[in-house]
Amino acid sequence: MLETQAPNRFSIFHRGPSKGPDFEAWREGICRGFCRLDVGPADQDYIDCHNEFAQVNSIAVATPKGGSARFARTRDLLTDGCDDLVLISATRGTVRVTQRNKAIGLTVGQMCLTEMNVVGAADLTRSGGFTTARFPRRLLLQVAPMAETQLARPLGHDRTLNTMIDRYFRLCHDVAGDLDILGQKAAEQHLTDLVGLLLGTRDRTDLIEPGESSAGRLNFIKADVLRNLDQNDLTIESVARANALSARQAQRLFASSGTTFSEFVLEQRLLLARRLLLHEQSRHRKVSDIAYTVGFNDLSYFHKSFRRRFGVSPADMRAEFEREH
């Protein structure tokens, strides 16, 4: 069933057997249709779930309550093309999260970053509960460019930061219905910044204005690169100019982090190409089309770089993935 509380707040709930017309209407119309998740029982053949949602501009926060529900991204749902990132935070007991075939156990205070473009699930049980915050991938990568290196692992060793995220999450959930669009955008940015700190920006350098910190400047530059990977004429000169720096200054920032501008761009383009190759919605796209989409204008260079990075050709990687799935 669906209960609307405000234009951007609502709850869904079902308590009973995981079969019958009421369950199917709840599962298909609300869970799969709106939430883009399949929901089944986590304990025996019974659903016990009341899930409260709040939309804070482009971020969706959810608080599931109850004793039996498994929220899953199944293979057939992946065709919707959603690649959002989801932060799952354990609030009681032990929570089991899966990504592909990897299982992650979370205890109270721990968090885990998952992605919507792979098969995965999170279990709500009598012995474990959690909350979730779902972010558009690009929004989170803008404040934490290396967030994807933190996927599918327990996070949250800084208790103070965990508490800040948890309290701001609850604030967003509780007041979302009273915020105008400007308030929602501000809350969205604050929550994103806090999660960005969790994912690797260990101080506040990501949140300050460009020019105040070399680490902060570098992250702004990396965010610009990620926004423009599809441009095959992307250069350090253009990115530096957009951040009020000279090309030499930008080169020094990358060097201080142990890499170069070209190496960073190549790595991010190859990672994006791999995601597209293995995505259900892109299965019929030509490899050359994907290469051009992520910014390569030399197919020979793309194939050579891809093989060097992943050990197989793009076509072989796709074929192997399809055989396994």
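Helices, taken as H or I runs of at least four residues, and strands, taken as E runs of at least two, are DSSP runs numbered from the N terminus. On this basis the secondary structure of the chain, in what is a predicted model, comes to eleven helices and eleven strands.

The overall dimensions were examined next. The C-alpha trace spans about 60 × 45 × 35 Å along its principal axes. Of the 325 residues, 50% are buried, and the chain exposes about 15900 Å², of which carbon and sulfur atoms supply 50%. Among the contacts with a separation of 6 or more, 68% are accounted for by residues 24 or more positions apart. As for charge, the chain carries 43 positive and 40 negative charges, whose mean positions are 4 Å apart.

Helix α11, which comprises residues 314–324, has Pro314, Met317 and Arg318 as its buried residues. When the helix is viewed down its axis, these buried residues fall within an arc of 95°, and they therefore line one face of α11. An α-helix has 3.6 residues a turn, so residues three or four places apart point the same way. The packing partners of the buried residues of α11 are α8 (261–278), α9 (287–293) and α10 (299–310).

When residues up to four places away in sequence are not counted, threonine 98 touches Ala103, together with Val119, Gly120 and Ala121.

Phenylalanine 135 belongs to strand β10, formed by residues 128–135, and with a relative accessibility of 0% phenylalanine 135 likewise counts as buried. Again leaving aside residues up to four places away in sequence, phenylalanine 135 touches Ile59, Asp84, Leu85 and Leu87, as well as Leu140, Leu191, Thr192 and Val195. Relative to aspartate 43, phenylalanine 135 is 92 residues away in sequence, and the C-alpha atoms of the two residues are 29 Å apart in space.

Definitions and conventions. Residues are numbered from 1 along each chain as its sequence is written. This is a predicted model: local features need pLDDT of at least 70, side-chain atom pairs count only at pLDDT 80 or more; totals for chains, interfaces and linings use all residues. Side-chain values use heavy atoms; hydrogens and water are left out. Buried means under 20% relative accessible area, exposed over 50%, partly exposed in between (1.4 Å probe, protein chains only). Contact means heavy atoms within 4.5 Å. Accessible areas come from the Shrake-Rupley method with a 1.4 Å probe; for residues, only the protein chains shown count as cover. Lys and Arg count as positive and Asp and Glu as negative; His and the chain ends are not counted. The place of a charge is taken as NZ of Lys, CZ of Arg, CG of Asp or CD of Glu. The arc is that of the directions from the helix axis to the C-beta atoms.
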